[in-house]
Amino acid sequence: MLTIRQIIKLCEDGVDITFKKTRQKSLKGEYSDQALEIIIYMDNIGSEYDLDITILHEFIHARDYTKPERYHDRSEKHIDEEALRTYNKRPYVLKFIKELYELK
Ligand SMILES: [Zn+2]
């Protein structure tokens, strides 16, 4: 699960989050390690819950890029499971992200 410490580290490393229109149907978000940028495609976000899970999902990708190579291609299903676990068990992590990145 994501931790507050990991979020702080990503923020300090310069990971940013931006919101754009969609280029691809069904793509909700992506993380660019080169640009250190999380992009959320709002056109494909269906609800506040959807947005919350997508934000956590992309932060997990960003966090995994700070780990050895073998973590970079974890399946989307596993990332979603971790996002859901973080959402349910550590709701303060999402709240912290929103405050840190002024997403309100
Ligand atoms: Zn993903």
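**Notebook: fold and helix packing**

I began with the contacts of the protein chain between residues at least 6 apart in sequence, and 49% of them join residues at least 24 apart. I note here that the model is predicted.

**Entry on the overall chain**

I looked up the secondary structure next and found four helices and three strands in the protein chain. Read from the N terminus, the elements run α-β-β-β-α-α-α.

I then checked the dimensions. Along the principal axes, the C-alpha atoms of the protein chain fill a box of roughly 30 × 30 × 25 Å. I compared the radius of gyration with the expectation for a compact globule: for 104 residues that would be near 13 Å, and the protein chain has 13 Å, so the two agree. For burial, I recorded that 24% of the 104 residues count as buried.

**Entry on α1 and α4**

I turned to helix packing, which is described by the angle between the two axes and the distance between them. I took up helix α1, residues 4-12, with helix α4, residues 91-100; they pack at an angle of about 25°, and their axes are 10 Å apart. Angles under 35 degrees count as roughly parallel, and α1 is therefore roughly parallel to α4. I noted the crossing of α1 and α4 as right-handed.

I listed the residues that make this contact: Ile4, Ile7 and Cys11 from α1, with Val93, Phe96, Ile97 and Leu100 from α4. Sorted by class, the contact of α1 with α4 has seven nonpolar residues, no polar residues and no charged residues.

**Entry on α2 and α3**

I examined helix α2, residues 48-64, against helix α3, residues 76-89. Their packing angle is about 120°, and the axes lie 9 Å apart. An angle of 65 to 115 degrees would count as roughly perpendicular and one over 145 as roughly antiparallel; α2 and α3 are therefore oblique to each other. I recorded a right-handed crossing for α2 and α3.

On the α2 side, I found Asp52, Ile53, Leu56, His57, Ile60 and His61 in the contact. On the α3 side, these meet Ile79, Asp80, Glu82, Ala83, Leu84, Thr86 and Tyr87.

**Entry on the two pairs together**

The crossing is right-handed for α1 and α4, and right-handed for α2 and α3.

Key. Residues are numbered from 1 along each chain as its sequence is written. This is a predicted model: local features need pLDDT of at least 70, side-chain atom pairs count only at pLDDT 80 or more; totals for chains, interfaces and linings use all residues. Axes are lines fitted to C-alpha atoms, for helices over the stretch in contact, and angles run from 0 to 180 degrees between N-to-C directions. Helices (H or I, at least four residues) and strands (E, at least two) are DSSP runs, numbered from the N terminus. A crossing is left-handed if the near helix is turned anticlockwise from the far one by less than a right angle, and right-handed if clockwise. Two residues are in contact if their C-beta atoms, placed from the backbone, lie within 7 Å. The radius of gyration is taken over C-alpha atoms; the globule rule is 2.2 Å times the number of residues to the power 0.38. A residue is buried if 20 or more other C-beta atoms lie within 10 Å of its own, exposed if 12 or fewer, and partly exposed in between; C-beta atoms are placed from the backbone. Ala, Val, Leu, Ile, Met, Phe, Trp, Tyr, Cys and Pro count as nonpolar, Asp, Glu, Lys and Arg as charged, and the others, Gly among them, as polar.
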